[in-house]
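Open the model in your viewer and keep the selection tool at hand. The tour starts with the whole chain and then goes to two places within it.

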Amino acid sequence: MVKIVSKKLLGIEKVYDIGVERDHNFILENGLVASNCFNKSHSTAYAYVTYQTAYLKANYPVEYMAALLTANSGDQDKVQKYITNCQNMVPKIPVEGPDINRSEIHFTPDDGKILFGLSAIKNVGEGAIECILKARRQDGNFTSLAELCDRVDLRAVNSRALEALVKSGAFDKISPNRQQLVEYLPSVISWVQKSKEVDNQPTLFDLAAVRTPAPKLPEVKDFAPQEKLLFEKELLGFYVSEHPLKFMEKVAQNLGLEIINLSQLEEQKSKAKISVGAMLVEIKQVVTKKGDSMAILQLEDLSGRASAVVFPKTYETVKEFLTADQPSIITGKVDKQDDRLQIIVEEIKILTREQLAAAESITPVADNDEESSEDLETHYLVVLQLTPQWAQNENLMRQLQAVLKEQSGDRASAIANVPVMAIVADERQQMTVEFGKEFWVQNYQAAVEAIKNAGFSAYIQTEN
């Protein structure tokens, strides 16, 4: 070994890592051997970065995971992996879906939760996001899809980006019927383009009396729940509305099967025959030395992940059912060897939309019949609080009217039966105004959220 006995400052010089194909020892001129020539400062730097990231994750987990998701926002597989990590952390870190009035370009911490970054939505470019955020900062939150289209540059925010935002759920707080908004897009884009004859023309709400009003929302049913989930998975890489396996246990019961969670695999005996309800999130086809095909699978359910293997004999009978991101019931045997735990697949049954929809449509029966009947008799009322000055402001009232019209929604698929009233009051007087049925809303929670997002004060009042 050679010992360094002196050092000399050379100023700023280029530094190189030396990669050696075989031996890591070097013969010096005098015949001595210098080993372990890897620069210690390089290892120290790695150790210091490891310490920093560990400290941040331990003390600022929400901020750390938001930064990690942002750094990998262009890779949906990694985004899904880190979102799963958030869900498995203690305490759990909820990751909320995109919101056109709250989300920023990147994943952002928000009171113990993480808001989905708009840049991680497929088909939505950075230019479109910057244009939307600029309009939101200048004139406040958006109250409808028509208003957003009127306030942004549609050359930057094209129909493809708008459709991706709608299908990913970014407009759900404003109008929850996604299919309605998707079918509405062509007509509202055409209306905006015809209305704006020159650049920088005032918006719809400045010239409401002289401009052609925005087209009405079409009366169509919303996408089926499974369709929504497929769009979310495609555009975001994970499920926002709910997990497609939510009703898996009920489906299995309907099929006469008893399933276990993947987290219960460890409790099972080796070679025990079991069935699990899961998604095939990874499918890797393998060819054996004999030339036979087999597959290695990664399964996922609401409790976690597990590995599975499909050997050649079974592969021929189940290969047509090896479909990624499809709710399935997998039957097989538990394989425990040393540290390995997996399922040897014997049968795969793909669940149809009809089976899932049938399970979803069954309403659980309450344990207490009296409480159940009381709940059914509960009535909800959306109450706004306004000052006389606000009530006399035509622009504000048009804005409020637009919000309520959006929330009255699709009367063909759901009845807007939640009344709306306003309390107009100041220090001297108070007046109650009941809105007509055309302004009643479908979902009182979504309506109050949309009204608040528009800058008004509102709350839910219950009456039994």
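Among contacts between residues at least 6 apart in sequence, what percentage join residues at least 24 apart? The figure is 62% in this predicted model.

**Whole chain.** Show everything as a cartoon. You have 15 helices and 14 strands on screen. Switch to a surface. Of the 464 residues, 39% count as buried.

Select 95-96 for strand S3, 108-110 for strand S4 and 113-115 for strand S5. They form an open sheet in the order S3-S5-S4, with mixed pairing. S3 and S4 stand at the edges with a single partner strand each, so one side of each has no neighbour in the sheet. Now look at S3 beside S5. Their pairing is parallel and runs over two bridges.

**Helix pair.** Move to 394-408, helix H14, and 444-453, helix H15. How far apart are their axes, and at what angle do the helices pack? The axes lie 10 Å apart, and the angle is about 155°. Angles over 145 degrees count as roughly antiparallel, so H14 is roughly antiparallel to H15. The crossing is right-handed.

Finish with side chains. From H14, pick Val-403, Leu-404 and Gln-407. From H15, pick Ala-446, Ala-447, Ala-450 and Ile-451. These residues make the contact between the two helices.

Definitions and conventions. Residues numbered from 1 in each chain as written. Predicted model: local features only at pLDDT ≥ 70, side-chain atom pairs only at ≥ 80, totals over all residues. Heavy atoms only, no water. Pairing = 2+ DSSP bridges. Helix = DSSP H or I, 4+ residues; strand = E, 2+ residues; numbered from the N terminus. Buried < 20%, exposed > 50% of the residue type's maximum accessible area, 1.4 Å probe, protein only. Contact = heavy atoms within 4.5 Å. Axes fitted to C-alpha atoms, helices over the stretch in contact; angles between N-to-C directions. Parallel < 35°, antiparallel > 145°, perpendicular 65-115°, else oblique. Left-handed = near helix turned anticlockwise from the far one by under 90°.
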